[in-house]
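Thank you all for coming.

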Amino acid sequence: LTSIGNYTFQNCTNLALTKLPSGITSIGDNAFCKCTNLSLTELPSSITSIEDFTFCNCSNLALMELPSGVTSIGMSAFYGCVKLSLTELPSGLTSIGNYTFQNCTNLALTELPSGITSIGSGTFKGCTNLALTELPSGVTSIGYNAFKDCTSLTSLTFKGTHNIIDSTAFIGCTNLTTINVPWAEGAVENAPWGATNATINYNYVAV
């Protein structure tokens with residue numbers, strides 16, 4: 001077995017796989033969506049992409065890490081995976097879709113890969129354990145509700161020049177009190193982008 005097609009196991013609520021065959025290289029859209037008993041702790045190292053809705057609402061999915069070769073993760077791929085406790089993403093990852101990790105309440109990332117260029121709508125919404133302290137220099141846009149209700153964010157440093165940050169990007173981030181940005185006041189619209197308790201330090205130079 002080298003691939004699992006679109007919708008193959010969708011809504012199979014009693015599916016209790018704990019491991020996938022090592023030769024699998026692709027898993028299609030919605031392949032395991034709503035498989036609430038799926039309790040995988042790892043994926044085959046041969047996988048390079050995770051498609052749209054692949055593991056959406058797999059509430060018992062407990063992956064500790066993703067394969068190092070993964071370069072893209074699709075829209076809502078891990079939406080509602082409340083036991084997903086990743087602390088890092090593959091270093092070669094360049095693309096994360098909208099709502100990819102929404103409501104992953106145990107997601108505990110401390111950094112994002114340097115190749116990420118945009119953070120879409122709702123990507124980390126409701127990730128209450130997300131512990132990022134900085135955003136990569138390549139990120140140029142942050143979408144609607146991207147970090148909504150990420151209450152573990154306290155201080156965030158922007159490493160690069162951002163062109164677009166939605167006015168709701170950090171709404172509900174009640175503990176985010178410091179935002180460091182390398183640009184001048186007024187250079188990016190909508191500040192503080194929903195983070196009503198935050199002080200913005202403009203023209204910040206990271207040490």
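This is a predicted model: local features need pLDDT of at least 70, side-chain atom pairs count only at pLDDT 80 or more; totals for chains, interfaces and linings use all residues.

Let me start with strand S8, residues 141-142, which runs parallel to S10 and is joined to it by two bridges. Strands here are DSSP runs of E with at least two residues, numbered from the N terminus, and two strands pair if DSSP finds at least two bridges between them. In one of these bridges, Ser 141 has Ile 164 in S10 as its partner.

Residues are numbered from 1 along each chain as its sequence is written, and side-chain values use heavy atoms, with hydrogens and water left out.

Which side chains meet in a salt bridge? The structure holds one salt bridge, a term that stands for a side-chain nitrogen of Lys or Arg within 4 Å of a carboxyl oxygen of Asp or Glu, and it is formed by Lys 159 and Glu 134, at 3.8 Å from N to O. Lys 159 lies in the loop between strand S9 (155-158) and S10, and Glu 134 in strand S7, so the pair ties together parts that are 25 residues apart in sequence. Lys 159 is partly exposed, at a relative accessible area of 37%, and Glu 134 is also partly exposed, at 33%; buried means under 20%, exposed over 50%, and partly exposed in between, with a 1.4 Å probe and protein chains only.

Turning to the rings, a search of the whole structure finds 11 aromatic pairs, where rings of Phe, Tyr and Trp (its six-membered ring) pair if their centres lie within 6.5 Å, and planes under 30 degrees apart count as stacked, over 60 as edge-to-face and the rest as tilted. The rings of Phe 147 and Phe 170 have centres 5.1 Å apart and planes at 5°, so this pair is stacked. Phe 147 is buried, with a relative accessible area of 0%, and Phe 170 is buried, with a value of 0%.

Key:
Helices (H or I, at least four residues) and strands (E, at least two) are DSSP runs, numbered from the N terminus.
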